[in-house]
Amino acid sequence: MLNGCSFGCIHCCFMLESTLEGPLVNSRRSFLKQCSIGASGLVLSRSGALSAMTHAMPAQAQTLNASTLAQFVDPLPIPPVAKSSGMRPLPSSPKTNVPYYRLAAQPTELKIHRDLKPTRMWGFGGSVPGPTLEMRSGEEVLVEWANELPQQHFLPIDYRLHGADGTPQVRMVTHLHGGIVPPDSDGYPEDWYVPGKSLTYHYPIKQDAAMLWYHDHAMGINRLNVYAGMFGAAIVRDKVEDALNLPSGKYEIPLVIFDRLLTPDGQLYYPISDKPRAPWIPELFGDAVLINGKLFPYLAVEPRKYRFRVLNGSNARFYNLTFQNGLSFHQIGTDQGLLPSPISLKNLELAPAERMDVVVDFSDSRGEQIVMKNDAVGVMQFRVSSAKVSDSSSLPSQLRPVPKIAESEAVKTRLLTLDEYRSLAGDTVLLLLNATYWHDPVSEKPAQNSTEIWSFINPTDDTHPIHLHAVRFQILDRQKYAPWAYQSKKELQFLGPRIPPEPFEAGWKDTAGAHSKMVTRIIVPFNSYPGRYVWHCHILEHEDNEMMRPYEIVAS
Ligand code: C2O
Ligand code: CU
Ligand code: CU
């Protein structure tokens with residue numbers, strides 16, 4: 001019984017499929033509510049073959065084969081640093097003047113490769129990635145996020161998805177990912193606004209130095225807006241980091257990586273499913289891997305140390321980056337800042353939305369051309385000059401202590417399932433968190449300043465990168481478990497030992513890979529502002545199709 005659910009109610013699956021092709025989210029919602037075994041009982045059985053099938057791309061249009069393009073002919077662009085347009089009073093305390101920025105999302109044309117015509121995109125400040133926001137811990141900034149987009153979207157909206165039904169095509173709201181900011185400045189997905197409007201957000205930056213990023217978060221079209229180019233890097237600095245004498249200035253470079261599919265004439269292509277009324281696809285994977293907005297860029301470097309701030313800004317792709325000549329990355333930081341000490345790595349693994357702070361020392365590679373690969377594919381080249389240089393920067397052996405949070409500090413443990421629902425034909429049609437929809441009542445309500453353990457129970461075949469807004473957390477461990485025992489009896493049967501996080505993720509995180517058939521536990525101090533935030537899978541196609549939930553930090 002390949003496609004039936006575990007309870008043998010195969011009609012559920014038929015009905016689920018036909019319901020999902022209907023126009024209203026509500027209809028599928030009420031259907032799941034009617035089903036006697038409830039939403040979690042609808043998890044369908046899975047097989048590798050089915051998985052491969054849904055991951056394949058529908059052949060609807062010709063796409064450009066990126067590997068046919070000349071490699072390493074364009075220099076790596078460095079996104080501009082956002083310029084403040086003066087000081088403005090804080091709305092909450094008009095006597096305090098703070099730096100004010102205005103970043104407008106606009107249509108733009110981006111030259112992504114020497115041999116391609118400019119690509120139409122939507123970017124902040126007309127660039128993709130948008131300008132890098134530079135902030136210091138202890139300072140406050142105001143950012144006006146303006147919607148200067150046209151009235152019509154150029155990517156395929158699925159009107160059945162939450163938030164996309166009966167709303168304007170073009171909507172935006174910007175979230176500062178990793179920023180610990182008040183809820184009314186966090187970019188709540190339903191706080192979107194239309195072309196011609198803007199929202200001014202207040203970021204009181206009190207957190208440790210880290211690379212954050214900003215991106216669109218509009219309900220139901222987030223995957224399309226980000227795909228169109230609506231994101232950029234944000235860097236928080238502080239005194240602890242200053243004192244480390246890490247490579248800086250022109251020796252510190254953001255590498256924002258994102259994949260796209262292109263049409264033969266170099267335009268963005270976002271495929272749709274083979275059902276015209278249900279165009280959503282479960283994941284977008286493109287063969288064109290762009291770094292800072294260029295395909296196959298090269299970077300001329302000196303034989304010395306560099307600091308790279310690497311961000312995976314892709315909708316769904318995971319990266320595994322290596323240097324062809326075996327050079328090491330010295331990882332110094334995770335999503336939320338510095339590690340206790342550097343870790344030497346031969347490869348960098350990044351799930352969507354994850355960041356890695358690395359130092360690379362080219363001093364032994366004088367005169368070499370080093371290709372950086374993602375799996376087997378070259379994506380960027382470093383051209384090391386043979387010049388004699390002096391490098392006064394350091395790679396200290398001690399960076400910043402990351403005190404391990406003891407499990408005993410947690411006042412509560414939440415078991416939360418990651419659920420994927422399939423049609424009889426094997427297509428993924430819906431993803432939920434803990435079998436609840438976005439519009440269901442808020443169920444996660446941690447108390448402000450309390451610490452909780454969240455256990456992500458993942459019966460699916462995929463890793464889901466789970467992100468919580470407003471907090472930083474630590475990964476406790478992962479453990480293999482028996483999905484069917486949990487599905488049928490709500491019994492957690494473990495099939496192996498607790499595996500500690502990998503060294504490269506054993507620091508402060510805001511996004512963690514919940515691996516397939518495992519229980520991933522994170523420990524989260526909710527030391528931020530009270531109010532409504534969200535948590536979600538950062539595969540944007542999943543997030544847009546219900547794999548996102550509100551949560552509320554309750555004032556203590
Ligand atoms: Cu990158 Cu809701 O976040
Ligand atoms: Cu976020
Ligand atoms: Cu997911």
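User: Which residues do ring pairs link into a cluster with Y251?

Analyst: Keep in mind that this is a predicted model, where local features need pLDDT of at least 70 and side-chain atom pairs count only at pLDDT 80 or more. Residues are numbered from 1 along each chain as its sequence is written. Rings of Phe, Tyr and Trp (its six-membered ring) pair if their centres lie within 6.5 Å; planes under 30 degrees apart are stacked, over 60 edge-to-face, and the rest tilted. Ring pairs join Y251 into a cluster with Y306, F308, F323, F329, F362 and F382.

User: How many aromatic pairs are there?

Analyst: One of them is F124 with W145, an edge-to-face pair with 75 degrees between the planes and 5.2 Å centre to centre. Going by the ring rule, the count comes to 25.

User: How many residues apart in sequence are the parts that F124 and W145 tie together?

Analyst: Strands here are DSSP runs (E, at least two residues), numbered from the N terminus. F124 sits in strand β4 (residues 119-124) and W145 in strand β6 (residues 140-147), so the pair ties together parts whose separation in sequence is 21 residues.

User: Is W145 buried or exposed?

Analyst: Buried means under 20% relative accessible area, exposed over 50%, and partly exposed in between (1.4 Å probe, protein chains only). W145 has 0% relative accessibility, so W145 counts as buried.

User: Which ring does R472 lie over?

Analyst: A charge sits over a ring if NZ of Lys or CZ of Arg is within 6 Å of the ring centre and within 35 degrees of the ring normal. R472 is at 3.7 Å from the ring centre, over the face of W508.

Key:
Chains lettered and ligands numbered in written order. Heavy atoms only, no water. Helix = DSSP H or I, 4+ residues; strand = E, 2+ residues; numbered from the N terminus.
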